[in-house]
Structure formats: structure tokens, C-alpha cells
Amino acid sequence: MTKIELVVDGARVADDVEPRMLLVHYLRETLGKTGTVVGCDTSNCGACTVHLDGRSVKSCNVLAVQADGCEVTTIEGMATDGELHPVQAAFHECHALQCGYCTPGMIMQSADLLRDNPDPSEEEIRLGLEGNLCRCTGYHNIVRAVQTAASASAGAAGGAS
Ligand code: FES
Ligand code: FES
């Protein structure tokens with residue numbers, strides 16, 4: 001067993017883990033963060049996407065020990081003070097989900113995409129989300145949601161200046 005200490009959704013945690021344990025399993029099984037889901041076993045679907053030190057990663061592709069000393073944000077840490085994150089709000093507003101299985105990963109990846117590029121074109125959004133698969137929506141409303149979140153953030157920034 002290996003001791004790890006990290007911050008998950010703002011809370012400091014420390015655990016002894018098997019060196020081969022995947023981050024997604026640590027989050028779900030040890031910490032009970034079941035909002036992060038497993039959609040494949042091939043690192044393809046992106047359903048398990050979380051932020052590791054602020055960047056999106058597929059948590060089925062990262063060992064828990066690799067997150068030692070890091071900050072992890074899951075979908076469960078995106079809302080603040082009961083307020084949905086702008087990307088969460090936009091997915092809700094645009095009906096950007098059907099079964100919802102891909103949604104946590106889509107939202108985490110979209111937030112990362114918008115941090116790098118606050119005003120992406122449709123093509124840039126589709127490219128940015130190409131590692132996240134959805135078998136329900138046809139992606140149209142997901143792209144709209146990301147555009148809506150981008151506009152909302154631009155509006156908020158404009159309002160703040
Ligand atoms: S569960 Fe991680 S990419 Fe599919
Ligand atoms: S909403 Fe069902 S997989 Fe995306």
C-alpha cells in the first residue's frame with residue numbers, strides 16, 4: 001500500500017492505496033464520488049474526466065498514486081455555494097443530455113476547453129470534445145451548451161468591468 005494525500009473537491013484527504021489503483025476507482029470506491037463514472041475500459045469515452053491540478057484528465061487513465069500531492073476536482077465540486085457552474089447551468093438550459101451518462105465528463109472537459117479558449121468556434125468545440133463520447137444526443141445540444149456557457153461568461157466578464 002502507498003500513502004497518498006491530495007485535495008478532492010476542496011477537501012484534504014489521505015489514504016493508503018494499492019499502487020495499481022486507478023484514480024477513478026479511488027474517487028468512486030474510496031471517496032464515494034460516484035458522480036464520476038466509468039463508461040469504457042479502453043480510455044476512449046471520457047465519462048471519467050476530472051480536473052487534476054486544473055487540467056482535464058481521464059481518471060481511468062491515471063493511477064491514484066499519480067494524484068498524490070495534487071488537487072482534483074470532480075463534477076461534484078463544480079457548483080459553488082449551491083450555484084451551478086456556468087457550464088452545468090448551460091447544459092441544463094440547452095437540454096444537452098439524454099441518459100446523462102457522458103454528462104459529468106462532458107462538463108469537465110467543456111470547462112477545461114473554455115478556460116483555454118473562452119470564445120471557441122463550433123469546430124473548436126467539436127475538436128475539444130472529441131475525446132468524450134455521447135451515444136444519445138448527436139452532440140448538437142452539447143455544442144450549443146458550450147457556446148451558451150461561453151456567452152454567459154463573456155457577459156459576466158463584461159458586466160464586471
Ligand atoms: S471510463 Fe475513462 S475514458 Fe472511458
Ligand atoms: S446523454 Fe447519453 S451518452 Fe450522452
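Trainee: What should I know before I start?

Mentor: The model is predicted, so local features need pLDDT of at least 70 and side-chain atom pairs count only at pLDDT 80 or more, while totals for chains, interfaces and linings use all residues. Residues are numbered from 1 along each chain as its sequence is written, and chains are lettered from A and ligands numbered from 1 in the order in which they are written.

Trainee: Okay, which domains does the chain have?

Mentor: Domain bounds come from an automatic or database domain assignment. Here the assignment gives domain 1 (2-73) and domain 2 (86-158). Their centres, taken over C-alpha atoms, are 22 Å apart.

Trainee: How many residues does each domain give to the contact?

Mentor: Two residues are in contact if their C-beta atoms, placed from the backbone, lie within 7 Å. By that rule, domain 1 brings 14 residues and domain 2 brings 10 residues.

Trainee: Which elements of domain 1 give two or more residues to that side?

Mentor: A word on elements: helices (H or I, at least four residues) and strands (E, at least two) are DSSP runs, numbered from the N terminus. On the side of domain 1 that touches domain 2, strand E3 (49-52) and strand E4 (55-58) each give two or more residues. E3 gives the most, with 3 residues.

Trainee: And how does that side divide by class?

Mentor: Ala, Val, Leu, Ile, Met, Phe, Trp, Tyr, Cys and Pro count as nonpolar, Asp, Glu, Lys and Arg as charged, and the others, Gly among them, as polar. The domain 1 side has 5 nonpolar, 8 polar and 1 charged residues.

Trainee: Now the sheet. What is the order of its strands?

Mentor: Strands of a sheet pair through backbone hydrogen bonds, either parallel or antiparallel. For counting, two strands pair if DSSP finds at least two bridges between them. This open sheet of 5 strands runs E2-E1-E5-E3-E4, with mixed pairing. Strand E2 (11-17) and E4 are at the edges with a single partner strand each, so one side of each has no neighbour in the sheet. From one strand to the next, the twist averages 40°.

Trainee: How do E3 and E4 pair?

Mentor: They are antiparallel, over 4 bridges. Thr49 has Lys58 in E4 as its bridge partner, and Leu52 stands opposite Arg55 in E4. Their hairpin has 2 residues between the strands, and Asp53 takes a positive phi near 50° there.

Trainee: What lies opposite Leu52 in E5?

Mentor: That's Val72. E3 and strand E5 (residues 71-73) run antiparallel, joined by 2 bridges.

Trainee: And how many bridges join E1 to E2?

Mentor: Strand E1 (residues 2-8) is joined to E2 by 7 bridges, and the two run antiparallel. Val7 has Arg12 in E2 as its bridge partner. In this hairpin, with 2 residues between the strands, Asp9 takes a positive phi near 50°.

Trainee: Last one: at what angle do helices H2 and H3 cross?

Mentor: Axes are lines fitted to C-alpha atoms, for helices over the stretch in contact, and angles run from 0 to 180 degrees between N-to-C directions. The axes of helix H2 (residues 86-93) and helix H3 (residues 103-116) come within 9 Å and cross at roughly 125°. The contact is made by Val87, Gln88 and Phe91 of H2 with Thr103, Ile107, Ser110, Ala111 and Leu114 of H3. By class, the contact residues are 5 nonpolar, 3 polar and no charged.
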